[in-house]
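Welcome, and thanks for taking a look. Here is a short briefing to read alongside the model.

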Amino acid sequence: TMVDSQYYLPNDIGIAALDCCEAFRLLSPRERMYAHHLSRAAWYGGLAVLLQTSPESANIFVLLQRIFRKQTPAQLEQVATAVGLSSEEYLAFLVYAAGLYANMGNYKSFGDTKFIPNLPKDKLKALVWASQAFQDQPGEMEALWNSCSCPLYSLEDRQKQLGLGDKGITTYFSGNCGLEDAELAQKFLDSQNLSAYNTRLFKRENGGKACYEVRLASAVQKESDSHCGNFNFEEKEFTVKRGDYAPLMEKVSYYVQQAQAHAANDNQKKMLEEYRRSFTFGSIEAHKEGSRYWIKDKGPIVESYIGFIESYRDPFGSRGEFEGFVAVVNKAMSERFAKLVSSAEILLPELPWPRDFEKDIFLKPDFTSLDVLTFAGSGIPAGINIPNYDDIRQSEGFKNVSLGNVLAVAYATQKDKLTFLEEEDKDVYIKWKGPSFEVQVGLHELLGHGSGKLFVQDDKGKFNFDQSKVINPETGEQVSSWYRGSETWDSKFSTIASSYEECRAECVGLYLCLNQQVLSIFGHEGQDAEDVVYINWLNMVRAGLLGLEFYTPESKSWRQAHMQARFVILRVLLEAGEGLVGLEEMTGQDGRPDARITLDRSKIHTVGKNAIHRFLCKLQVFKSTADVEGGRALYDSYSAVSDGGSHNFLRLRETVLLRKEARKMFVQANTRINGDSVELVEYEGSAAGLIRSFIERFQEDAEQLEADLLELNKRDAPCWCC
């Protein structure tokens, strides 16, 4: 049967090596040792993502590791030919394996859809049976194949994407949990002052009564403090336990401790000590403490962050996926970002909300451009603003990073692959896409995520704003709602929080890139500066159209926070009218459906700016005042994808799917200790190179590690049935 191309990775998918050779060369022996141990911690922790993604991911990972540990992709190709695979089919298998490694699971990290091997199941089975790994351990390999071969290929509706209950697959919750269980658990966690970031929720029936287990990620399994144990909450039984991903967390703790000996200063040492405590005991409080030291560690040569960080993939929006990165500061590029930071206090008042809605003081963050050495987890972003703890961000500060070597590779575009643009826009788009994206990332991270105040009344009843004076600009009346006690942005806005915040940050980027001072910080003047603005806005509306790939009509849900945000912005700019944005359907030169998106550059500074001004102010006011109802109504109305109105977005979605380009995958280097120095081991930018990098990454304890993963997976296997 023909499978929708959405559910497999094409053989010609872009695979690029992430270049960090020069960055690594500039490190001192001590810095290299520090980077090496932190990279090891990141890679081992990153394996938890397999267990956070789907019930079968870990077993598929082990199956692939066992096959490729015994035979390289080149050696296995001869076996494949002998059992009747064509060269296209064998390449499809390599691309699938590379995809599983790059996404740390069998669901795309960007878009959350499942991908399956693009070759017949019986051919893949024949290849597994003929492999050296199978010859050596037939019983074990057959059992491993049997444990994952059905879900490996299954595309039942619920398995096509990640989601909660009948909407999709998740391993953050047991299969019998729905939205109401997630909401109840959030209330319980709030009542205990526990963060959801490093937890999963398992529900079971006990004598007709629902019992919930909240499991914290930690190396130790014993319960030794008031956070763990049994609780009654709203007539339900809750148990808080430790020990999720225990063997992996043990590895992370060990390598974090090894890195301590090579730290550059006290802040780094204390930060690592707190991280170690966090991964050992499952304490988010310790991770927050570590993050405080991390913020204080200004301008380090080797930058890193590690833990359960981004909540995009929890269907409820409050549990963090494990990630860890290690990177080297790129000094030249960082100077521009430092200038942007110094100008922040002049730029913030330009934003469209009243002064009372801005933080009392702007805590100048570190903003650096980094070349990534290691980024473990499900995917690599272009820029990051962390920590995600609102209380720390609001009152103590944060850091911004732009990932330079990722930007360089990820956004290189070929003219023949540029969809939906007018011919005359293509050359200018290719020329300015990189520079304009750099400006957008800078503004998005620093002044987008870094701006705006949350109105809070703390546990003692104290307000962080004057409620007798602060006026809501949307209503003209006093502010009447705010965050109370332990409520946070994520816990309050839950399912829309991630996308809404990305939309706010993207709008800040569009709005402030119109500022001459910003453009000259990045070295753009005159006509060049105008081109940068034009391409930044054109790229945003094009991305809004491309975003339709990440919408699922069956469940009326979005699978990717940033792409939903960009679609919302496209809708806002289309609604602005006056010919600012044009979007029309047409027939392409190949006779198939196509579309064209255009932007009138003469109206960006007027019609465009006014539209973003109005929308951005609304987004901020709802966010500041914890007005979930207002915020959700606004955001949901612009997120709606229908076939009515002036544009048939459901039909446009089909066109977008027809002409989509697969997202690139990255091959990362490894570091290894040789005597008393550390060397960098690089790989070619191909599926085979990506596979080899993962085989060599876990060489020293491969068998134990694989046994641990299988055991962790087996323990929870009964929990995933509905």
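Which residues of H25 are buried? They are Ala687, Gly689, Leu690, Ile691, Ser693, Phe694, Ile695 and Arg697, where buried means under 20% relative accessible area with a 1.4 Å probe and protein chains only. This is a predicted model, in which local features need pLDDT of at least 70, side-chain atom pairs count only at pLDDT 80 or more, and totals for chains, interfaces and linings use all residues. Residues are numbered from 1 along each chain as its sequence is written, and side-chain values use heavy atoms, with hydrogens and water left out.

**Helix H25**
- Helix H25 (residues 687-697) is largely enclosed by the rest of the structure, because 8 of its 11 residues are buried.
- Helices here are DSSP runs (H or I, at least four residues), numbered from the N terminus.

**Glu445**
- UniProt, in an unreviewed entry, lists Glu445 for "active site"; such annotations may be inferred rather than shown by experiment.
- Glu445 sits in helix H17 (residues 423-448) and counts as buried at 6% relative accessibility.
- Leaving aside residues up to four places away in sequence, Glu445 touches Phe367, Gly383, Ile384, Asn385, Asn400, Val401 and Gly450 (contact means heavy atoms within 4.5 Å).
- A polar atom of the Glu445 side chain lies 3.5 Å from the backbone nitrogen of Ile384.

**Helices H4 and H26**
- Helix H4 (residues 57-70) packs with helix H26 (residues 702-716) at an angle of about 160°, their axes 9 Å apart.
- The two helices, H4 and H26, are therefore roughly antiparallel (angles over 145 degrees).
- From H4, the contact includes Phe61 and Arg69; from H26, Glu706 and Leu710 are among the residues involved.

How values were computed: Buried means under 20% relative accessible area, exposed over 50%, partly exposed in between (1.4 Å probe, protein chains only). A polar contact is a pair of N or O atoms within 3.5 Å; within protein, one must be able to donate a hydrogen and the other to accept it, and residues adjacent in sequence count only if both atoms are side-chain atoms. Axes are lines fitted to C-alpha atoms, for helices over the stretch in contact, and angles run from 0 to 180 degrees between N-to-C directions. Angles under 35 degrees count as roughly parallel, over 145 as roughly antiparallel, 65 to 115 as roughly perpendicular and the rest as oblique.
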